[in-house]
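Here is a guided walk through one protein chain. Keep the sequence and the 3D view side by side as you read.

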Amino acid sequence: MKLLALKIDVDTYRGTREGVPRLVELLQRLGADATFLFSLGPDHTGRAIKRVFRPGFMKKVSRTSVVEHYGIQTLLYGTLLPGPDIGRRCADILRSVAAGGFEVGIHTWDHIKWQDYVAGESAAWTREQIDLAADRFAEVFGTPAKTHGAAGWQMNPEAYRHQQRMALTYASDTRGTHPFWPVVKGEPVRCVQLPTTLPTLDELIGVGDLTPDNVHEHLLKLTAAEPEFGHVYTLHAELEGMKLLPTFERLLQGWQDQGYKLVSTLELFNALDTTSLPYHSVEMGELEGRSGTLALQGPRFPA
């Protein structure tokens with residue numbers, strides 16, 4: 001069976017309240033599975049205004065309407081408006097996702113803080129942020145988290161090491177081509193990475209002639225040939241769960257027509273022979289369609 005895993009990043013309070021239930025309904029209607037990764041602390045989306053000075057950020061904003069997708073109120077959280085505590089205020093929604101049979105995991109504690117600062121922060125800061133999210137996850141779900149997908153694909157060496165200490169089953173923090181064991185500064189980390197293998201809608205829409213009406217056709221061309229280890233597609237509750245829901249539905253139906261079984265990242269992991277997976281260095285680098293640098297699957301280790 002051809003497997004394509006759906007990884008749903010939930011970044012904001014609005015995305016949790018509005019986008020998540022819509023995605024659950026769509027997935028259940030089409031008989032598709034997915035993994036939901038939640039932001040569990042305060043929504044400080046408004047503080048992302050500082051990214052205006054980041055190379056490539058304005059180019060991306062010009063292609064995708066931030067206000068249209070996120071809403072004015074969300075863009076004021078953490079600045080003119082206090083940031084709502086997502087894990088506390090949306091606990092019932094989070095639990096309903098797990099009760100619906102979907103895998104759940106950690107995205108982050110404070111999405112903006114992690115995405116904008118983790119790459120240069122200390123080991124102590126990194127552990128504190130992950131532990132805040134892990135503690136809240138256990139409070140909401142009554143069980144420890146078993147997977148993590150980094151906000152904005154932003155990581156540092158301590159983040160990988162701390163996942164090993166937490167005995168996570170696997171993680172999906174990187175962009176790459178196939179599952180691998182990560183190597184951090186020459187040090188193997190025993191927590192398999194399932195990298196996102198496909199571009200995201202916000203990386204594609206507005207490039208060339210790609211629009212919400214035809215972008216699914218571009219992605220379906222990328223998945224026409226069956227990969228050895230399947231695919232991981234990352235979507236966002238704020239995009240595919242809201243204004244781009246019709247685009248996402250066309251994409252899901254197209255993948256099913258191609259013969260893919262749409263699964264959680266856990267099911268994709270369980271289909272692997274982890275003893276035969278290669279080791280690859282992890283590194284920060286640029287990726288077309290995104291501003292700044294992000295965690296990438298690097299060269300095979302040892303070279």
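The model is a predicted one. The protein has 303 residues, and 56% of them count as buried. Its secondary structure consists of twelve helices and nine strands. How much of the contact pattern comes from residues 24 or more positions apart? Among contacts with a separation of 6 or more, such pairs account for 74%. The exposed surface comes to about 12,700 Å². Carbon and sulfur atoms supply 53% of that surface.

Start with helix α5, which spans residues 91-99. Ala91, Leu94 and Val97 are its buried residues to look for. Where do they sit around the helix axis? Looking down the axis of α5, they fall within an arc of 125°, so they line one face of the helix. On the other side, Asp92 and Ala99 are exposed. Several elements cover the buried residues of α5. Among them are α1 (13-30), β2, α4, β3 (103-108) and α7. Just after the helix, Gly101 takes a positive phi of about 95°.

One of those covering elements, α4, spans residues 86-89 and holds Gly87. Is Gly87 buried or exposed? Gly87 has a relative accessible area of 1%. The cut-off for a buried residue is under 20%, so Gly87 counts as buried. Leave aside its neighbours within four places in sequence, and Gly87 is in contact with Leu40, Gly41, Arg136 and Val140. Ser39 is 48 residues away from Gly87 in sequence. In space, the two C-alpha atoms are 7.3 Å apart.

Now turn to helix α8, residues 157-165. Its buried residues are Glu158, Ala159, Tyr160, His162 and Gln163. What do they pack against? The partners are helices α6 (111-117) and α7, together with strands β4, β8 and β9 (294-301). Just after α8, Ala167 takes a positive phi of about 60°.

Next come the aromatic rings. A pair of rings is described by the distance of the centres and the angle of the planes. How many aromatic pairs does the structure hold? There are eight. One of them joins Phe38 and Phe141. Their ring centres are 6.4 Å apart and their planes are at 25°, so the pair is stacked. This pair links distant parts of the chain. Phe38 lies in strand β2 (residues 35-39), Phe141 in helix α7 (residues 123-141), and 103 residues separate them.

Trp181 lies in strand β4 (residues 181-184) and Tyr279 in strand β8 (residues 279-285). The pair therefore ties together parts that are 98 residues apart in sequence. Trp181 is buried, at 9% relative accessible area, whereas Tyr279 is partly exposed, at 26%.

Together with Phe36, Phe102 and Phe137, they form one aromatic cluster.

Charged side chains also meet rings here. The charged end of Lys2 sits over the ring of Tyr260, 4.4 Å from the ring centre. The charged end of Arg175 sits over the ring of Trp153, at 4.5 Å from the centre.

Trp153 leads on to a last stop, His236, which it touches. His236 is found in strand β6, residues 231-236. With 9% relative accessibility, His236 counts as buried. Which residues touch it, not counting those up to four places away in sequence? Besides Trp153, they are Asp9, Asp11 and Gly241.

Note on methods. Residues numbered from 1 in each chain as written. Predicted model: local features only at pLDDT ≥ 70, side-chain atom pairs only at ≥ 80, totals over all residues. Heavy atoms only, no water. Helix = DSSP H or I, 4+ residues; strand = E, 2+ residues; numbered from the N terminus. Buried < 20%, exposed > 50% of the residue type's maximum accessible area, 1.4 Å probe, protein only. Contact = heavy atoms within 4.5 Å. Phe/Tyr/Trp six-rings, centres within 6.5 Å; stacked < 30°, edge-to-face > 60°. Lys NZ or Arg CZ within 6 Å of the ring centre and 35° of its normal. Areas by Shrake-Rupley, 256 points an atom, 1.4 Å probe, with all protein chains shown as cover. Arc of directions from axis to C-beta.
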